[in-house]
Amino acid sequence: MHTNPLSCRHKTDNSWRNFKAKMSSPSALAPSDSSPPLPPLPENPTVLGCGGLSMDLLAAVEAYPEPDDKIRSTSLKIQGGGNVGNALTCAARLGLNPRLISKIADDSQGRGILEELEADGIDTSFLVVSKEGNSPFTYVIVDNQTKTRTCIHTPGFPPMIPDDISKSSLFSALDGVRLAYFDVRLPATALVVGHEVIIIFFSLVVVWAWTEASSVPSALLSMLLRLPNVRFVIVTLGGDGCIMLQRSVTEGDQSEEMDIDNLLESLNQRKDSNTTIPTCISSAETKLRANGIGTVSGRLFIGTAEKIPPSELVDTTGAGDAFIGAILYAICAGMQPEKMLPFATQVVSRLAACSCRALGARTGLPHHTDPRLAPFLRQTP
């Protein structure tokens, strides 16, 4: 490790422990021992995450303040955050064994971040802890009126660099790993880790500036052409669900091409407006074309989202991270897209009070033994 970091196994002072007692407790969301038995966990449940951590200070307000306003919060929560931290917390509660590469400082925020991650069963032995500096933290203002949130982030210092983790530690972190997830917060370190990874799970983001595509489906197709080893790409659309493009294993002999934007429109027309639970609508395998970009043989999927009533919607912080954590689990469990997309959406929107129906990114994340997951976990892949 880098010369600055301390061991992660440091003691926690009493003042922080008393402070932590006011924070959310993962065990408070665990189901009772009387829950019905569920299928065994995936055979290879180890995943690696590399990215950003944070301590989130969340304040819900009746309405976002005007300049020079002095207002009061309606509720307050202090909770660990950060994209990779949230996604791995979701994956851990669903039953995977996540490992984490990231960096914090030896301060009160850092100790709180570490304590929460370990309480959820995340392997923090590869976490870099700096003797000096500050851990990342984020002020999150949740507007009860518009159902939006504003994040004010303070990055950690000193930032993580590739030399912070030794080659031997990197190989140990990757030993037996099924998937690696990068949230693009630590790009230089992620590139080093990525050189040693066989299967990489990318952040669910369409980079418009990179693809220069005119539509979401065209951007997904462009990404598959530019990344020939990637099996599928997914983009989340908030309340509109998600879109997934899966590459065919073999090109086949499809002679007829279909415009991918037109195909998406035809799939959208198959949505059932009366269905309240998340569903998946898929196309047949075909040769898909994006004008000015190229063609890919594959299938297009739409994952619908539950329409949460405004009266029940509390906070969307970390909703995308919860989706990614559920996708990580679904891949390890061998779920097919028709099951994977509704499962991930259910984790986000419906189960265990859900991430969108509770304040904070981790408050509503379900556990593997939650009986409401049973319909998905008992089905065949």
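User: How many residues does helix H3 have, and what does it reach from its first C-alpha to its last?

Analyst: Happy to start there! This is a predicted model, where local features need pLDDT of at least 70 and side-chain atom pairs count only at pLDDT 80 or more, while totals for chains, interfaces and linings use all residues. Residues are numbered from 1 along each chain as its sequence is written, and side-chain values use heavy atoms, leaving out hydrogens and water. Helices are DSSP runs (H or I, at least four residues), numbered from the N terminus. The expected span is 1.5 Å times one less than the number of residues. H3 (residues 108-119) has 12 residues and reaches 17 Å, close to the 16 Å expected.

User: Which residues in H3 are buried?

Analyst: Buried means under 20% relative accessible area, exposed over 50%, partly exposed in between (1.4 Å probe, protein chains only). Gly110, Arg111, Gly112, Ile113, Leu114, Glu116 and Leu117 are buried in H3. After the helix comes Gly121, with a positive phi near 85 degrees.

User: How many aromatic pairs does the structure hold?

Analyst: A pair of aromatic rings is described by the distance of the centres and the angle of the planes. Rings of Phe, Tyr and Trp (its six-membered ring) pair if their centres lie within 6.5 Å; planes under 30 degrees apart are stacked, over 60 edge-to-face, the rest tilted. The structure holds 2 such pairs. Phe137 and Tyr139 have ring centres 5.7 Å apart and planes at 90 degrees, so they are edge-to-face. Phe137 is buried at 16%, whereas Tyr139 is partly exposed at 42%. Tyr329 and Phe343 have centres 5.7 Å apart and planes at 40 degrees, so this pair is tilted.

Conventions: Helix = DSSP H or I, 4+ residues; strand = E, 2+ residues; numbered from the N terminus.
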